[in-house]
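Biologist: I am new to reading protein structures. Could you walk me through one, feature by feature?

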Amino acid sequence: MGKGRKLLTGLAAAGLLLLGMTACTNSGNNGESSAGSSNFATIEQLKKKDSIRIGVFADKPPFGYVDSEGKNQGFDVYIAKRFAKDLLGDESKAEFVLVDAASRVAYLESNKVDIIMANFTVTDERKEKVDFASPYMKLSFGIVSPDSAPITSIDQLKAKGQKLIVAKGTTAETYFTKEYPEIELLKFDQYTEIFSALKDGRGAAIANDNTELIAWAKSNPGFTVSIPAFGGQDTIAPAVAKGNTELLNWINTELDSLGKEQFIHQAYKETLNEVYGEGYTDELVVEGGKFE
């Protein structure tokens, strides 16, 4: 009789353990069903939380930076605030998370942000890890160098002793690693570091998005965008975690709607016009998510 009771007790305990394991497996964030492999918040959950985490740059003016009052500013930030306003009713409900170029994918994969709005260039490699929404900007690569020793062709960088400065995790790093492996790259995590390195003479030039370099050269006498464009044309777009179709669709619908009021043109006027002038509007802006 004692052995029978022990057996029943053991079976009951095993059943409770199995039930607990099953509950843990099926439980997602906040104890809700994960309905698959995702750990990102649904739009309903974002509205319930009343905030949305958006990854932006802190050191890449005029696209994403922190001003002297500690406030997030820039072209990407301007658009991100509108997303928060239309989704949650108030632009202040955007919770800005500062990222660097190399951490953008990881922040989405680890659920540290809901959207990346950090001047994120769309590439096939990145598409394997995150989902890109429709674009809001277009650009190319460029090279900036000192007026005293201008780099006017990529072939000049192949010479012995020449170093090309790039930011880690950028498309410029990927491009030169693949297309010009013979060129020595000097890599840094932060954008502030790459410009300091050029000023200090640690490298011959910087390769980056031409939009970023044009803006920097205009405010730094003695340096010129000596190769304005190369490597084809790319686009900048918001990105969400892989499989977050609900938020992706919302962003695409939002960009389409904003296109009807020419909002991206307004964002350009408010944040980029002082740097680039009206002449660059059609060269940079993608309105309504439609790129041809």
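Predicted model: local features only at pLDDT ≥ 70, side-chain atom pairs only at ≥ 80, totals over all residues.

Biologist: Thanks! How are helices and strands named, and is strand β1 buried or exposed?

Modeller: Helices (H or I, at least four residues) and strands (E, at least two) are DSSP runs, numbered from the N terminus. A residue is buried under 20% relative accessible area, exposed over 50% and partly exposed in between, using a 1.4 Å probe and protein chains only. In β1 (residues 52–57), six of the six residues are buried, so the strand is largely enclosed by the rest of the structure. Ile52, Ile54 and Val56 point one way, Arg53, Gly55 and Phe57 the other way.

Biologist: Which strands does β1 pair with?

Modeller: Two strands pair if DSSP finds at least two bridges between them. β1 runs parallel to β5 (residues 94–99), joined by six bridges, and isoleucine 54 stands opposite phenylalanine 96 there. β1 also pairs with β6 (residues 115–116) in the parallel sense, over two bridges; glycine 55 has isoleucine 116 as its bridge partner in β6.

Biologist: What is the strand order in the open sheet of five strands?

Modeller: The order is β10-β9-β11-β8-β12, with mixed pairing. β10 (184–188) and β12 (223–236) are at the edges with a single partner strand each, so one side of each has no neighbour in the sheet. From one strand to the next, the twist averages 25 degrees. Inside the sheet, β9 (residues 163–167) and β11 (residues 205–209) run parallel and are joined by two bridges, with leucine 164 partnered by alanine 205 of β11.

Biologist: Now helices, please. At what angle do α3 and α10 pack?

Modeller: Axes are lines fitted to C-alpha atoms, for helices over the stretch in contact, and angles run from 0 to 180 degrees between N-to-C directions. Angles under 35 degrees count as roughly parallel, over 145 as roughly antiparallel, 65 to 115 as roughly perpendicular and the rest as oblique. Helix α3 (residues 75–88) and helix α10 (residues 263–271) pack at about 135 degrees, their axes 9 Å apart, and they are therefore oblique to each other. Contact means heavy atoms within 4.5 Å; the residues making this one include Phe75 and Tyr78 of α3 and Phe263 and Ile264 of α10.

Biologist: And how far apart are the axes of α7 and α8?

Modeller: The axes of α7 (residues 191–199) and α8 (residues 210–218) are 13 Å apart, at an angle of about 55 degrees. That makes α7 oblique to α8. Phe195, Leu198 and Lys199 of α7 meet Glu212, Leu213 and Trp216 of α8.

Terms used: Residues numbered from 1 in each chain as written. Heavy atoms only, no water.
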